[in-house]
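Subject: Structure handover

Dear colleague,

I am passing on the structure that we spoke about, and my notes on its pockets and its core follow below. Please keep it open while you read.

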Amino acid sequence: MEYDLIIKNALIIDGTGEKPFHGAIFIKKGKIADVVKGDICGDIVAKEIYDAQQNVLAPGFIDIHCHTDETIFKYPYADSKILQGVTTDIGGNCGISYAPMRDESLDLLESYVGNAPFKWNSFGELLEYYDSIHPSVNLACGVGHGTLRIAAMGFDARKANKIEMDDMKAMLLEAFDEGAFFLSSGLIYPPGIYADRDELVELCKIVSKKDAYYATHMRDEGINIIKALEEAISTAKESEASLEVSHHKLCRREVWGQSKDTISMIDSARSDGVDVWADQYPYNASSTYLSSNIPSWAFEGGINTLQQRLLDKDIKSKILAEMDESHLNRWQDITLGYSSSTKYKKFVGKNMEEIAESLGCTASEACIDIILEDGNDALEVNYGMCEEDIEYIMKQPYVSICSDGWAYSMDYAGLPHPRSFGSFPRVLSHYCRERKLFPLEEAIHKMTGLPASRAGLHDRGTITKGNWADLVVFDPLKIKDDPSYLEPKKPCSGINRVYVNGILTAENGRHTKARAGSVLRKSKNI
C-alpha cells in the first residue's frame, strides 16, 4: 500500500491520557491507517515521509467552547485557531446560534449577533451554508436557547406560554435531527435571562432523549455563583440531561477562593449520579459584549429598543444609577476590546475609567455612549479572576480546555482577548511545563480525547487507527503562548505542523491556506 503521509520518529501522545511512546503513524485518504510503536522498518512507500525529530505528535486540539460559528463567515482560514493547533471548533455556545431563524424576527437576531449572510432558516440549512465556506477547521455546532426564544417570542421579558414552549421544543428537536450536538444557554444575557428554570428543564428533557448535552453559561459567575450552579445542577438532575458548565470561573473579587465550594458541589452531584462536566479557558480575564454591563430589563424588545431607551433621559438616568451601583470599583478592570465606530476605535485597549476621563464623563456614561454608537458590536475584556481559582478548576479531571474565543485573521481590527489566539499553547507552556499542574499526557487529554468523548466525536480526538488525521506536531520545550493582552494577534511558538483531515494546514507558524475542514453533524460525524 502507498500511504499519503508517514510521520515517523515522533513522541506520540495519543489523547487518551496514557503515557507517551515513540513511534510513527501512517495516513491514507485523510485517516490514520496505522499506528506503530518504535522505529519503522522495511520498504514502506509514501508520497511524503515527515521526520518529527522526537517532537510531540498529538491529536489536533478540540475547542469544546468557542464562538467560531459567529466569525467563520469572514475568516474561513481561522488563522487564530489553526496557528495554535486547534483543528476542531465547537460553536453555538452561550445561548446563541445562527439558527433556527424566523424571517419575522430576523431583525432582532441580526441586531443581537451582528451581520451575517442569513441565507437560511433551519439549523440544517445553516450547516449547509457552513459547508459552502470550506473552512480550514472542522466545525461542530450546538443550538442556542436564546436563539430559540428569539424565534418563538422575540425579546419578551416574561415566561413562555404553552404555544411558545411547544414551538421551541419543536425547533430544538428539528435542530438535533439536522446535526446539532448540544443545547446551550446564556442565562446572563437577554433573552436567556428572562427564562425560568421550568423552561430550561422542559427543553433539557429533549436533550436527554437525544443523548446530547446541555452547556450553560450560568445565570451568575460572580456574587451569586453558588445559587447559579445550584440551578444548573438541579436542571440537569430533573431533566436527566448531561450538564456542561461553560467556561467555569469566579468573575468577581468578592468570590475569589470559592472555587473549592463550586468544585465540591460538582463532585457531590457527580457522586449522586448527575452527569456534570465543565470547561475552562486559561486566562484571568473574560471577554464579552460591552452591553452586558447594562441592566437586563433594559433589553426587552431587543438591541434597537435598548438604544431607544438609552436616548430617553429618565430611563437613561435609571440605567446609569443601577450601573454605578453594580460597578463600584469595577470599571478599571474593564477595557474596550473592539469598537466598530470611527469615534471610539481610538479607545480600544483603554479601560473604561481612562475612556471616561478622555470623554469628560463617568465610566457608566462612556459605556452607554459606545453602545449607542456601536450597538452590540462593542466588545470588552474584563479582568475579574484570580490564578488560584483558575489552577484549582483546571486540575479537575472532568474539566476540558477551551478558548471561549473566535476564529480571526491575524489582521483583525481591534485588540481582542488573546484566548482566541493562544489558549491551548498557554496550558501546555504555562500551566503544564512551568506550573507543573499535571503531566503532558494529561494536558493533551484535556484538549483532545476528553472533549471529543464529551461532544460525541467518536472518530476524532485520539491517535487511533481509523480516526481522522487531525494532528499537531510541536516541541514540548518551545511551545509558547506568544499572544498577549497587549499584542494578541500572533502565532504561537513551537508548533511545527498542523494537519486537518490529513492535509497540512500550518507549518512553523504560517498558514498553508488549505481549507480541509469538515462541518460535522452529530448524526454523521463526518
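The lining of the second largest pocket is made up of 11 nonpolar, four polar and three charged residues, where Ala, Val, Leu, Ile, Met, Phe, Trp, Tyr, Cys and Pro count as nonpolar, Asp, Glu, Lys and Arg as charged, and the others, Gly among them, as polar. A pocket here is an open set of points on a 1 Å grid over the protein atoms alone, where a 1.4 Å probe fits, with protein on both sides within 12 Å along at least five of seven lines, and lining residues have an atom within 4 Å of a point.

This is a predicted model, in which local features need pLDDT of at least 70 and side-chain atom pairs count only at pLDDT 80 or more, while totals for chains, interfaces and linings use all residues. Residues are numbered from 1 along each chain as its sequence is written, and side-chain values use heavy atoms, with hydrogens and water left out.

The second largest pocket has a volume of about 450 Å³, a volume being the space filled by probe spheres set on the grid points, which are joined across faces, edges and corners. Of its 18 lining residues, Glu70, Thr71, Lys74, Val113 and Asp377 are the closest to its centre.

For the largest pocket, the volume is about 1100 Å³, and among its 45 lining residues Ile188, Arg219, Asp220, Ser292 and Arg330 lie closest to the centre. That lining divides into 18 nonpolar, 16 polar and 11 charged residues.

Finally, Met352 is in contact (heavy atoms within 4.5 Å) with Leu290, Trp331, Ile334, Ala363, Ala366, Cys367 and Ile370, leaving aside its neighbours within four places in sequence.

Best wishes
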